[in-house]
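Subject: Structure for your review

Dear colleague,

Please find the structure below, together with its sequence. My notes on what was found in it follow.

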Amino acid sequence: MPLPATPLDRAQTRKPSAGLIGRFLDWRNDLISKPSFQAWAARTPIVRQFAKRDGEKLYDLLAGFVYSQTLLASVECGLLEALKDGPRDVDELAARCDLPIARMRQLCQAASSVGLLSVAGDASYRLGRLGAAFLGVPGLDDMVRHHKVFYRDIADPLPVLKGEAETELSQFWPYVFGGSERQPDVARAYSDLMATSQVLVAEETLRAFAFDGASHVMDVGGGNGAFLAAVANRHPGLGLTLFDLPDVAAEAQERFDAMALKAEAVGGSFREDALPQGADVISLVRVCYDHNDDTVEQLLASVHGALPKGGRIVISEPMSGGAQPTRPGDAYFGFYTRAMTTGRPRSLSEHGAALERSGFKSVTHLKTARPFITSVIVAQK
C-alpha cells in the first residue's frame with residue numbers, strides 16, 4: 001500500500017549516495033524508517049528479533065539520563081559503599097542512606113536493573129559487577145558528582161550547540177579562556193577534579209609510552225602534578241617540570257615538596273609566556289581538547305620551539321573517532337566541550353595534521369587498552 005505523499009519528496013531532497021554500499025544503506029534506511037515496515041517487523045519471526053534489539057537500544061537512548069541519575073543517587077547516598085563488605089537488608093540500607101524503606105527498595109531495584117547491584121534475597125541486595133568495578137576506580141565518585149553541573153548545562157541541548165547558552169562549565173574551567181586569575185575555591189575545585197581524573201589517564205599513558213631514552217619531562221597544563229607524580233613513580237631519575245597557571249603551579253609545588261619529589265612547578269600561561277627550555281619530552285595530557293584550533297596550533301608551535309632536535313611530544317586525551325565516531329569521544333566529550341563553550345575532541349588524523357604543520361615528524365598513534373579514557377599520540381621534532 002503506497003504511503004501518503006509528504007510536503008518534501010525524499011527522492012528530490014536527499015543527496016544520492018555513491019557506490020553500491022551507499023545505495024544499499026540508503027535503501028535499507030528508507031525501508032526501516034517506514035512505520036508500516038516497523039509494524040511488519042514486530043510480528044514477523046526472525047526479523048522481530050532485530051526489531052526488538054533496535055527498540056531496546058532506542059529505549060536506552062531515551063532513558064539513559066535516568067540510568068545516570070540512578071548512579072548519581074547511589075553515589076550521593078553512599079549505597080555502593082554501604083554494600084562494599086557484603087549484602088545488606090533494605091531496612092538497614094534505608095537507615096544508613098537516610099531514605100524511607102520503600103524508596104530505598106526503589107533505588108536498589110533501579111540500581112540492580114543497570115548492573116550496579118544485584119538481588120541477594122527477598123529484602124536484601126549486594127553489589128553487582130559494575131558496582132564493584134565502580135568502587136575500584138579512584139576518583140570516579142567525584143566525577144559523578146561533578147556531572148550534576150554538566151547535566152544542568154545540557155538539559156536543553158540546542159542552545160548549547162548554537163552557542164546561545166550561559167553554561168556553568170564555562171565558569172568551572174575558566175582557564176581555557178586564557179585568564180590567569182581565578183577565585184581560590186574555583187582553583188581548588190579544578191585542581192582536585194584534575195587530580196582524580198588523571199589517575200586512569202596516567203595509567204593508560206604510561207602503559208602506552210615508556211619514556212625510553214628520555215632525560216627530562218615537562219608536563220604542560222599539568223594541574224596539581226598528578227601525572228608527573230605517576231611518571232616519577234614509574235621512571236625514577238627523570239628530570240621533571242610542570243608548567244601551568246601560577247596558582248595551579250603553586251599548589252603543584254606544594255604537592256611535590258610534600259612528596260619529597262624533585263620536580264619544579266613553573267607558573268605561566270602558554271598563551272602569553274614562552275615555555276621553559278630543557279625538556280626532551282613534553283606532554284600535553286588532556287589539554288588540546290579543551291581549546292580551539294588556533295590556541296592548539298599556537299601551543300604546538302611553542303612546544304616545538306621548546307624541544308631540542310629529536311625531542312618528543314606526547315599528546316594524551318580522549319579523541320574523536322573521525323570516520324568511525326565513538327560514544328566517549330564524539331558524543332560525551334563533544335557535548336562536554338560544547339558546554340565548556342570551547343575546544344573539541346579531535347581525531348587521530350586531525351592531531352597528526354596539526355603536529356606536522358607545527359614542524360613535527362614521525363607521528364605515531366600508540367594504542368591504549370582503554371581508548372574511552374584516553375588515546376596517545378607521539379611525534380618527534
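In what order do the 7 strands of the open sheet lie? The order is β6-β5-β4-β7-β8-β10-β9, and the pairing is mixed. Helices (H or I, at least four residues) and strands (E, at least two) are DSSP runs numbered from the N terminus, and two strands pair if DSSP finds at least two bridges between them.

Before going further, please note that this is a predicted model, in which local features need pLDDT of at least 70 and side-chain atom pairs count only at pLDDT 80 or more, while totals for chains, interfaces and linings use all residues. Residues are numbered from 1 along each chain as its sequence is written, and side-chain values use heavy atoms, with hydrogens and water left out.

Axes here are lines fitted to C-alpha atoms, for helices over the stretch in contact, and angles run from 0 to 180 degrees between N-to-C directions.

β5 and β6 pair in the parallel sense over 4 bridges, and Thr 241 has Glu 264 in β6 as its bridge partner. Together with α14, these strands make a right-handed β-α-β unit (with the strands pointing away from the viewer, the path from the first strand over the helix to the second runs clockwise). Helix α14 (residues 246-258) lies across β5 (239-244) and β6, and runs at about 170° to β6.

Strand β7 (residues 281-285) is paired with strand β8 (residues 312-317), again in the parallel sense, over 5 bridges. Ile 282 has Ile 313 in β8 as its bridge partner. Helix α15 (residues 293-306) packs on the sheet and touches β4 (216-220), β7 and β8, its direction making about 160° with that of β7. Contact means heavy atoms within 4.5 Å.

Is Leu 299 buried or exposed? This residue of helix α15 counts as buried, because its relative accessibility is 1% (buried means under 20% relative accessible area, exposed over 50%, partly exposed in between, with a 1.4 Å probe and protein chains only). Not counting residues up to four places away in sequence, Leu 299 touches Val 220, Phe 270, Leu 284 and Val 287.

The three-stranded sheet

A further open sheet has 3 strands in the order β1-β3-β2, with antiparallel pairing. Its edge strands, β1 (88-89) and β2 (117-121), each pair on one side only. β1 pairs with strand β3 (residues 124-127) over 2 bridges, and the bridge partner of Arg 88 in β3 is Tyr 125. α7 packs on this sheet, touching β2 and β3, with its direction at about 120° to that of β2.

Helix pairs

Helix α6 (residues 90-97) packs against helix α7 (residues 101-113) at an angle of about 100°, with the axes 9 Å apart. α6 is therefore roughly perpendicular to α7 (65 to 115 degrees; under 35 counts as roughly parallel, over 145 as roughly antiparallel and the rest as oblique). In this contact, Val 90, Asp 91, Leu 93, Ala 94 and Cys 97 of α6 meet Ile 101, Met 104, Arg 105 and Cys 108 of α7.

The axes of helix α3 (residues 35-42) and helix α4 (residues 47-76) come within 7 Å and cross at roughly 115°. Trp 40, Ala 41 and Ala 42 in α3 meet Val 47, Arg 48 and Ala 51 in α4.

With kind regards
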